[in-house]
Amino acid sequence: MTLRELVASQRFCQGLSEGQCGELAACASERQFAPGEFLLRQHAPADTFYWVLEGQVKIRLALPGQGLVTLETLGPDEAVGWSWFAPPYRCQFDALATTPTRTLAFAAAPLRALMERDPTVGCAVLKVLVSTLSERVQSCRLQVLDVYAPPGGRR
C-alpha cells in the first residue's frame with residue numbers, strides 16, 4: 001500500500017476527493033516508535049500531528065506533587081497531538097509509545113497551510129482535532145477530580 005493509499009484509507013479522509021487525500025499524503029510520512037520512545041514531549045515544539053495505525057501511546061502530564069500522571073492510553077485510529085494547530089505550537093503533554101507503534105506523522109506547517117487553502121480538508125482535520133481535544137479535556141477533568149477529592153472518597 002502506498003502512503004497516499006494509506007492516508008486515504010483513514011476515517012478522516014472519508015468524503016474527501018482523491019486529490020485532497022493526495023495533498024494530505026504530501027504532508028505525511030510513516031513513522032515507527034519503539035516502546036519507551038516519545039512521540040511528543042511536554043513543552044517541546046509541536047511540529048507534528050500523529051495518527052496511530054498500530055500500537056499504544058500513553059498521554060502523560062506532569063502534575064506538581066504527583067509526578068507524571070497518565071491521562072489516557074490511545075490506540076489505532078486515534079490522534080496524538082493538537083498543539084501544532086494553535087500558537088505557541090508547544091506540546092501540552094508527553095506522548096509515550098508503550099508498545100511497538102506505527103503512525104502517520106503529518107508535518108504541522110504544511111498541514112496548516114493545506115487546511116487554510118482547502119476548507120473541506122480543514123474541516124475534516126478539525127473534526128478529528130475537536131474529538132481529540134474533547135477526550136483530553138475529559139481525561140484532565142477526571143484527573144483533577146482524583147487529585148482534589150477529599151480523603152476517603154467523599155465528595
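Guide: Exposed means a relative accessible area over 50%, and buried means under 20%. Keep those two cut-offs in mind. The model here is predicted. Let us start with helix α3.

Visitor: Which residues of helix α3 are buried?

Guide: First, the general idea. An α-helix has 3.6 residues a turn, so residues three or four places apart point the same way. Now the case. Helix α3 runs over residues 108-117, and its buried residues are A108, L111, L114 and M115. They cover an arc of only 125° around the axis, so they sit on the same side of α3.

Visitor: What is on the other side of α3?

Guide: E116 and R117 are there, and they are exposed.

Visitor: Where is H43 found?

Guide: H43 lies in the loop between β2 (38-40) and β3 (48-54). H43 has a relative accessible area of 57%, so it counts as exposed.

Visitor: And where is D77 found?

Guide: Look in the loop between β5 (67-74) and β6. D77 has 32% relative accessibility, so it is partly exposed.

Visitor: You mentioned peptide bonds. Is the bond from P87 to P88 cis or trans?

Guide: That bond is cis, with omega near 10°. P88 is in the loop between β6 (79-80) and β7 (94-97).

Visitor: Now the cysteines. How many disulfides are there?

Guide: Start with the rule. Two cysteine sulfur atoms must lie within 2.5 Å. By that rule the count is zero. Take C27, which is in no disulfide. The nearest cysteine sulfur to that of C27 belongs to C13, 11 Å away.

Visitor: Is C27 buried or exposed?

Guide: C27 is buried, because its relative accessibility is 8%.

Visitor: What about C123?

Guide: C123 is in no disulfide. For C123, too, the nearest cysteine sulfur is that of C13, here 13 Å away. With 41% relative accessibility, C123 is partly exposed.

Visitor: Let me try a recap. Helix α3 has L111 among its buried residues, and R117 is exposed on the other side. H43 has a positive phi. The bond from P87 to P88 is cis.

Conventions:
Residues numbered from 1 in each chain as written. Predicted model: local features only at pLDDT ≥ 70, side-chain atom pairs only at ≥ 80, totals over all residues. Heavy atoms only, no water. Helix = DSSP H or I, 4+ residues; strand = E, 2+ residues; numbered from the N terminus. Buried < 20%, exposed > 50% of the residue type's maximum accessible area, 1.4 Å probe, protein only. Arc of directions from axis to C-beta.
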